[in-house]
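Bring your questions, and we will work through them in turn.

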Amino acid sequence: MAVPAESARQKRSSGVRGNKKKRNQTIFLICMMSLPFIQWLVFWLYVNLSSILLAFQDQRTDAWTTNNFVQFWEGLTSPYGEIKIAVRNTMYYFCANLFVIMPLSVIITYFIYKRILFFKGFRIIFYLPAIISAVAMVTSYMNFIDPRGPLGNIVEAFGGSLPPEGLLGKNSTATATIVVYSIWVGFCSNILLFGGAMTRIPVDVLESARLEGCGPFRELVQLIFPLIWSSVSTLIVFAFTGIFNSSGPILLFTNGSFETTTISFWIFQQVYGTGAVGGSGSYNLVSCAGLCFTLVGVPIILLIRWLLERVPTVEY
């Protein structure tokens, strides 16, 4: 009878140790998860609490009201509302980044990675926008697209003509012109990140594929892209994180005229544009807009992140 009793005591002892281990793991997980939560409470909620409260206050009387949300909704749904125009233009810049700049960055980086002829020169050319001042780049671009500039001469050589007021002087072409500029100067950071990801790819993988007769297109699509998917997915998440901050150098080009304003520039105008020195703008309306965009953007970001995590990543 002593053996079964000893076995029962060992089972109880192992059960106690197992429960203690699970309890310690639970406490450890709670402590680790509480750190980012406390950081969010201190560095986001506490810092932005006053901005959140401003969204529910009247700008003149500080009385509690929902007029800011009514004004924001009217500006968003009105056919010629400034907020509606800003949201539309912001989506243009976001789509240009996601569907034009990012895919072209992968292709350009691939050719530089394959060391094509003059690849070092192309690398410098694509890095120049990050080195040269934005004012100088915008000035050069504006001179190039001027009706009396190089672009005007090229169009005239083919029998056409640019508008006399210029591409930046018309509502129908101003935003598209700035989007083209944003695409032109938007490759630098992506090429740098994708280039770093491609240099980590084992050479023997590509050599094995080359021996099997794998061409450049197939190599890019079936080998390179899956191997750098972690970097691509991270940039996609970052792009959706700043979906409502997508913009171009509006202040340098048009100062928001000709229906070129974006959400970022609209916020800048509301806060600083109405004051003689600055800082006397519509803080309440801006706080309301920021709160609304946050409520819309957070579910989108979480959904995109969940979808991207469903795609298997390649470990190497």
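**Pockets, spans and contacts**

Before the questions, a starting point from this predicted model: helix H3 (82–113), helix H7 (171–184), helix H8 (188–199) and helix H11 (229–241) each bring at least two residues to the lining of the second largest pocket.

Q: What makes H3 stand out in the lining of the second largest pocket?
A: H3 gives the most to that lining, with five residues. The pocket itself has a volume of about 440 Å³. It is lined by 21 residues, and those closest to its centre are Asn 97, Ile 101, Ser 182, Gly 186 and Ser 247.

Q: What makes a residue part of the lining of the largest pocket, and which ones lie nearest its centre?
A: A lining residue must have an atom within 4 Å of a pocket point. In the largest pocket, 24 residues line the space, and Trp 44, Gly 290, Leu 291, Phe 293 and Thr 294 lie nearest its centre. The elements giving two or more residues are helix H1 (2–54), helix H13 (263–273) and helix H14 (283–309). H14 provides the largest share, 11 residues. The volume of this pocket is about 710 Å³, and its lining holds 14 nonpolar, 10 polar and no charged residues.

Q: Why is the contact between Lys 114 and Glu 219 called a salt bridge?
A: The rule asks for a side-chain nitrogen of Lys or Arg within 4 Å of a carboxyl oxygen of Asp or Glu. Here the N to O distance is 3.3 Å, so the pair qualifies. It links distant parts of the chain: Lys 114 sits in the loop between H3 and H4, while Glu 219 is in helix H10 (residues 216–227), 105 residues apart. By this rule the count comes to four salt bridges.

Q: What makes up the nonpolar patch on the surface?
A: Members need over 30% relative accessible area, and nonpolar side chains are joined within 5 Å. Among the residues of this patch are Leu 104, Phe 111, Phe 118 and Leu 128, and the whole patch has about 1100 Å² of accessible area together. H3 and helix H4 (119–131) each give two or more residues. H4 gives the most, with five, and Leu 128 is found in H4.

Q: How do you know where the transmembrane regions are, and how much helix do residues 27–47 and 220–244 hold?
A: The positions come from an unreviewed UniProt entry, whose "transmembrane region" annotation covers residues 27–47, 91–113, 125–144, 178–199, 220–244 and 283–308. In the model, residues 27–47 are 100% helix and 0% strand, with end C-alpha atoms 29 Å apart. Residues 220–244 are 84% helix and 0% strand, and their end C-alpha atoms are 31 Å apart.

Notes: Residues are numbered from 1 along each chain as its sequence is written. This is a predicted model: local features need pLDDT of at least 70, side-chain atom pairs count only at pLDDT 80 or more; totals for chains, interfaces and linings use all residues. Side-chain values use heavy atoms; hydrogens and water are left out. On a 1 Å grid over the protein atoms alone, a cavity is a set of points where a 1.4 Å probe fits but cannot get out, and a pocket is an open set with protein on both sides within 12 Å along at least five of seven lines; lining residues have an atom within 4 Å of a point. Grid points are joined across faces, edges and corners, and a volume is the space filled by probe spheres set on the points. Helices (H or I, at least four residues) and strands (E, at least two) are DSSP runs, numbered from the N terminus. Ala, Val, Leu, Ile, Met, Phe, Trp, Tyr, Cys and Pro count as nonpolar, Asp, Glu, Lys and Arg as charged, and the others, Gly among them, as polar. UniProt positions are given in the numbering used here, feature names are shortened, and annotations may be inferred rather than shown by experiment. Patches are made of residues with over 30% relative accessible area and no salt bridge: like charges are joined within 9 Å, nonpolar side chains (Val, Leu, Ile, Met, Phe, Trp, Tyr) within 5 Å. Accessible areas come from the Shrake-Rupley method with a 1.4 Å probe; for residues, only the protein chains shown count as cover.
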